[in-house]
Amino acid sequence: MPRTESFDYVVVGAGAAGCVVARRLSEHARVLLLEAGGKDTSPLIHMPAGFTKLTGKNVNWGFKTVPQAQVNQREMHYPQGRTLGGSTSINAMIYIRGHRLDFDEWSALGCAGWSYSDVLPYFKRSENNERFVDPYHGQGGLLNVADQTQHNPLSKVFVRAAQEVGIPYNPDLNGAQQAGVSFYQVTQRNVRRESAATAFLKERSANLTVRTRALATCVLFEGSCAAGIEYASKSGQMHRAYADREVVLCGGAVNSPKLLLLSGVGPPDELLSHGIVVKHALPGVGKNFQDHMDVYLAARVSQPVSYNGQDRWDRAVRHGFQYLLYKTGPVTACVAEAGCFLKSAPEVRSPDIQIHCLPAFVIDHGRMRIKGHGITINTCNLRPRSIGSVTLRSADPSVPPAIDPNFLDDPYDLHVSMEGFRWGRRILQAPSFRPYIASELLPGSAVQSDDDIAAYIRTWSKNDYHPVGSCTMGVHEAAVVDPQLRVRGLRSLRVADASIMPRLISGNTQATSIMIGEKAADMILADS
């Protein structure tokens, strides 16, 4: 072990929560932040529309799910960020917090201190909102939240069409109420991506050491106390970094449970099956895994107004110069420019369907190229009941884990997905879209019956990149961390990322993961 060092805290994972935790702790103590990926130097990361090209393993783990039994045994593409900023460096930059009742539900499940009134101050602490000055938003925070510079004509039509079918306009989807249609606010600053890395790591104290290309391989223990992290550098050399106070895992809902399992913390039978010595039996590690599943419609449009074809080399050069000189044009796009929240049924407690408008053909994660101009409507069941897992395939840290969202295992999820699909189709058929829609491409107008729609969903649905829950927070026996995010039964070890969410929130998970980082830092410092 050529490098053995000591810090007050060692934080694993420079994603949405990890960047926040490292920044806040380093204001008071010596911190090492380890990131398996490289630096966020690619220009594509920082140009808003560049994320559509960030599919390679330089910045992306490139995971796949195990075959999904209820969606025709498909192995689904499962991108997760592998660079400074984590998935906040490769996502669509949408700033959505979830519904207030999501957090009140966490509190009701025994997670004291995590109700909406408890977490709102942490959302506000991070935020510098360029438009809102009200009780729901922050000003002066490190994370810039802005309106988009421009909107594609099809996105504007979507907002009108949604109102025509009964979905009210809502100027603030993160404010007093969530229901309604609007243009999304985004994490951008000066028309550049604002990732967790650019927000929280750009200006940092000498107390914070950041190491990239550092793959954590196990947590080091002294008895029941976490003492540090063993990690591999890019060259393959093994190193150890010790934490005088605490180790904080922020690898996300895939990598945090993976690291605990590799370290001998988890269900004993699973660990022993891979020849891993059981350090601490904790049956909930890797369980309670949840994610959103998308069902999309695609239609050909009769006017050349979509983003399709704008990445052709000659147009891309022109758009690049336009962006560099004027900060306008297609390069500024987050692609999912507008969206809405609605209920699948009147008795549902709060909106459980989210619909994104993408003014382009975006099929099979954008990997399927279709000629001409189009629009894609993504519909999502926000609160799925199906529960999956993350388990090891091997004791080798370089081998990806087995990721199983278990989509549509609960029949209720198919029902909500079908309702979301029908709402998406209603919007496309609204009067405002009539001058633009030439024909429905997917699934096509022939697909009308419940059986046909269900079959289409099983064939074409995709994941929405919002994994949570695999190191769930709670006070029950299956909980991995307590409400202070301490790993149950161990000392000096916490998990602070999307994996601690006991239930999936009603929306995109970036903002909530950053909030978790803010709250975790406060709890850690209070115990120091």
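1. Phe421 and Tyr456 are both buried, where buried means under 20% relative accessible area, exposed over 50% and partly exposed in between, with a 1.4 Å probe and protein chains only. This is a predicted model, in which local features need pLDDT of at least 70, side-chain atom pairs count only at pLDDT 80 or more, and totals for chains, interfaces and linings use all residues. Residues are numbered from 1 along each chain as its sequence is written, and side-chain values use heavy atoms, with hydrogens and water left out.

2. Helix 10 and helix 11 come next. Their axes come within 10 Å and cross at roughly 100 degrees. That makes helix 10 roughly perpendicular to helix 11. Axes are lines fitted to C-alpha atoms, for helices over the stretch in contact, and angles run from 0 to 180 degrees between N-to-C directions. Under 35 degrees counts as roughly parallel, over 145 as roughly antiparallel, 65 to 115 as roughly perpendicular, and the rest as oblique. Helices (H or I, at least four residues) and strands (E, at least two) are DSSP runs, numbered from the N terminus.

3. Which residues of helix 10 and helix 11 meet? Helix 10 brings Leu414, Ser417, Met418, Phe421 and Arg422; helix 11 brings Asp450, Ile453, Ala454, Tyr456, Ile457 and Arg458. Contact means heavy atoms within 4.5 Å. By class, there are seven nonpolar, one polar and three charged residues. Ala, Val, Leu, Ile, Met, Phe, Trp, Tyr, Cys and Pro count as nonpolar, Asp, Glu, Lys and Arg as charged, and the others, Gly among them, as polar.

4. Helix 4 (residues 116-126) packs with helix 12 at about 105 degrees, the axes 9 Å apart. The two helices are therefore roughly perpendicular. Helix 4 makes the contact through Val119, Tyr122, Phe123, Arg125 and Ser126. Residues on helix 12 include Ala511, Ile514, Met515 and Glu518. The contact has six nonpolar, two polar and four charged residues.

5. Now the rings. Rings of Phe, Tyr and Trp (its six-membered ring) pair if their centres lie within 6.5 Å; planes under 30 degrees apart count as stacked, over 60 as edge-to-face and the rest as tilted. The count comes to eight aromatic pairs. One of them, Phe103 with Trp106, is edge-to-face, at 5.1 Å centre to centre and 75 degrees between the planes. Both residues lie in helix 3 (residues 100-108), three residues apart, about one turn of the helix. Phe103 counts as buried at 0% relative accessibility, and Trp106 is buried at 0% too. Ring pairs link Phe103, Trp106, Trp114 and Phe123 into a cluster.

6. Two arginines deserve a look. Arg385 lies over the face of Tyr412, 3.5 Å from the ring centre. The charged end of Arg426 sits over the ring of Trp423, 4.5 Å from its centre. The rule asks for NZ of Lys or CZ of Arg within 6 Å of the ring centre and within 35 degrees of the ring normal.

7. Is Thr509 buried or exposed? Thr509 counts as buried, at 9% relative accessibility. Thr509 is in the loop between strand 25 (493-495) and helix 12 (510-527). Leaving aside neighbours within four places in sequence, Thr509 contacts His466, Val468, Met501 and Leu504.

8. Val475 is exposed, with a relative accessible area of 58%. Its place is in the loop between strand 24 (462-463) and strand 25. Beyond neighbours within four places in sequence, Val475 is in contact with Leu109, Gly110 and Pro483.
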